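Let's take a walk through a protein model together. Have the 3D view open and be ready to click on residues as we go.

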Amino acid sequence: MTAVITIDADRPGPTISRHLYGHFAEHLGRGIYDGMWVGEDSPVPNVGGIRLDVVEALRELDVPNLRWPGGCFADRYHWRAGVGPRADRPALINTLWGGTLEDNAFGTHEFMALCELLGADAYVSGNIGSGTVEEMSDWVEYLTGAGRSPMADLRRAHGRDEPWIVRFWGLGNESWGCGGNMRSESYADLARQFGTFCRSGNETPLYRVAAGADGADVHWTETLMKVIPEIGAHPFAEVPWEAVSVHYYTIGGTWTAKGSATQFDPDAYWRTIVAAQGIEELLRAHAAVMDVYDPAKTYGMVLDEWGTWWDVEPGTNPGFLFQQNTLRDAMVAAWHFDVFHQFADRLTMANIAQTVNVLQAMLLTDPDGGPMVRTPTFHVFEMNKGHHDATALPTHVSGPSHTADGQDVPVVSASASTKDGAVLISVTNVDLDTPRQVDVVIRGATLAGATGRLLTAATASAHNRPDAPDTVRPVDLEQLEQTPTGLRLTLPPHSFATVSATIQPA
């Protein structure tokens with residue numbers, strides 16, 4: 001019944017980029033409008049139309065980057081419709097998501113203002129599916145141009161004199177599907193062209209992300225990676241991207257019957273856990289392909305869409321993808337982060353889908369004007385902040401498993417990192433019914449002053465609502481003690497904990 005976690009403190013690994021804790025906001029349902037943007041005339045407190053309560057909550061997470069405007073919406077978005085006086089911006093119907101009016105009130109300047117309020121880097125998804133090379137090149141120049149140019153001057157005419165720093169650019173999105181239904185070879189040619197003409201207008205180089213595979217399609221990744229030696233052999237050419245993306249959603253049912261976010265039985269719970277654990281195999285498969293063509297790990301892997309996906313809440317617009325967020329979702333997020341930390345030498349960014357009111361959100365705003373709530377997933381992000389830009393420590397877990405559908409499912413996960421003389425250890429027990437004792441063995445160092453935090457609730461379906469916003473929230477981890485070799489803690493069923501301590505070499 002005991003799990004043993006061994007941490008090699010004397011064998012420091014790669015840096016865990018803070019960008020693995022990135023976010024995603026698409027023009028989808030109530031993700032932008034009502035979620036982040038209410039307009040300057042709204043009774044909801046705002047700064048320039050941006051919701052203050054959302055900004056203040058997201059600041060608690062130290063959001064490193066925010067991806068926008070999509071998702072599938074990105075390859076239908078034409079940026080010029082979202083700049084200039086709002087009264088002059090054209091309106092359209094968002095036929096992709098819910099058939100609602102898109103008035104383009106939230107455009108480039110509003111997005112950059114939001115990023116500045118959050119202290120987050122902008123990650124802009126460009127339009128390859130229905131856009132042109134010139135359109136995307138002009139957008140880069142509009143945002144980053146420092147000198148005199150038509151696009152930089154247009155930005156100045158719209159009230160912004162200084163350029164923004166925008167490093168992260170996506171070369172389309174899901175080009176195998178909603179982004180154009182392309183073959184990998186066709187997309188690779190387009191990405192080579194678009195990426196070549198995306199050039200920073202200031203001294204900050206771009207980090208261009210080629211739109212990658214649908215789940216386990218390693219052929220797509222290989223097609224993109226083959227570009228590296230092909231272009232690299234030419235003396236006057238350079239690879240027009242710095243990273244390749246991949247997407248992975250955790251679904252406990254099927255694409256057509258995903259299941260309820262809040263009403264689920266033990267079998268559905270365990271199917272979800274098995275699906276969540278599949279992220280490790282997925283990243284390993286794509287990393288293996290990348291290693292063949294890039295053994296030095298010069299190019300990054302970006303998981304810029306991940307999270308749980310359930311049937312929409314009853315009575316809501318099916319195109320809005322609004323779902324509740326339970327402790328089960330928090331278990332998925334916690335397990336994912338432990339896997340992300342394992343791949344920190346290759347995985348450079350990850351973006352949960354999505355930040356507010358859509359899919360596995362951090363925050364849920366009430367359309368009827370009630371209080372905003374922080375979800376259980378929000379608390380996992382907040383509790384893990386200490387891993388941002390910390391040094392990963394090799395972590396090995398041995399322990400119990402659960403048998404589901406004839407296979408053994410590990411129930412304890414962990415990761416650890418160190419920064420500024422401190423260590424942060426994250427531990428998850430996904431067992432639905434059984435508490436687990438966990439012995440943490442520290443090799444090559446000693447710990448002092450350990451304190452812990454615990455996220456759990458009476459059931460895995462527990463969630464927060466406007467009338468009960470703290471049903472799932474962190475509390476002190478009381479069952480924590482120092483041992484001669486490290487630590488001992490006891491985790492309740494379906495729980496996540498972090499332990500902080502000072503660390504010294506042995």
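Before we start, one term: a residue is called buried when its relative accessible area is under 20%, exposed when that value is over 50%, and partly exposed in between. Keep in mind, too, that this is a predicted model.

Cys 115 has a relative accessible area of 1%, and buried means under 20%, so Cys 115 counts as buried. Now hop over to Cys 198. Cys 198 isn't in a disulfide either, and its nearest cysteine sulfur is that of Cys 115, 18 Å off. With a relative accessibility of 2%, Cys 198 is buried as well.

So which cysteines are joined by a disulfide? The structure holds 1 disulfide, and it links Cys 72 with Cys 178, with 2.1 Å from S to S. The angle about the S-S bond is -85°, which makes this link left-handed. Now look at where the two ends sit. Cys 72 is in the loop between β6 (65-68) and β7 (92-94), while Cys 178 is in the loop between β10 (168-171) and α5 (184-196), so the pair ties together parts that are 106 residues apart in sequence. Cys 72, at 11% relative accessibility, is buried, whereas Cys 178, at 28%, counts as partly exposed.

Next, the nonpolar cores. Here's a handy rule: in soluble globular proteins, nonpolar side chains tend to be buried together. In this model, the largest nonpolar core has 149 residues. Which of its members touch the most others? They are Tyr 187, Leu 283, Phe 340 and Ile 425. Zoom in on Phe 340: leaving out residues up to four places away in sequence, Phe 340 touches Leu 20, Ile 279, Leu 283, Leu 303, Trp 306, Leu 347 and Ala 350. There is also a second, separate core of 7 residues, with Phe 168, Tyr 207, Ala 243 and Val 302 among them.

Our last stop is Thr 498, which you'll find in strand β28 (residues 495-505). Is Thr 498 buried or exposed? Its relative accessibility is 3%, so Thr 498 is buried. Setting aside neighbours within four places in sequence, Thr 498 is in contact with several residues, including Met 383, Asn 384, Leu 424, Thr 451 and Arg 453.

Terms used:
Residues numbered from 1 in each chain as written. Predicted model: local features only at pLDDT ≥ 70, side-chain atom pairs only at ≥ 80, totals over all residues. Heavy atoms only, no water. Core = buried A, V, L, I, M, F, W, Y, C linked by side-chain atoms within 4.5 Å. Buried < 20%, exposed > 50% of the residue type's maximum accessible area, 1.4 Å probe, protein only. Contact = heavy atoms within 4.5 Å. Disulfide = S-S within 2.5 Å. Helix = DSSP H or I, 4+ residues; strand = E, 2+ residues; numbered from the N terminus.
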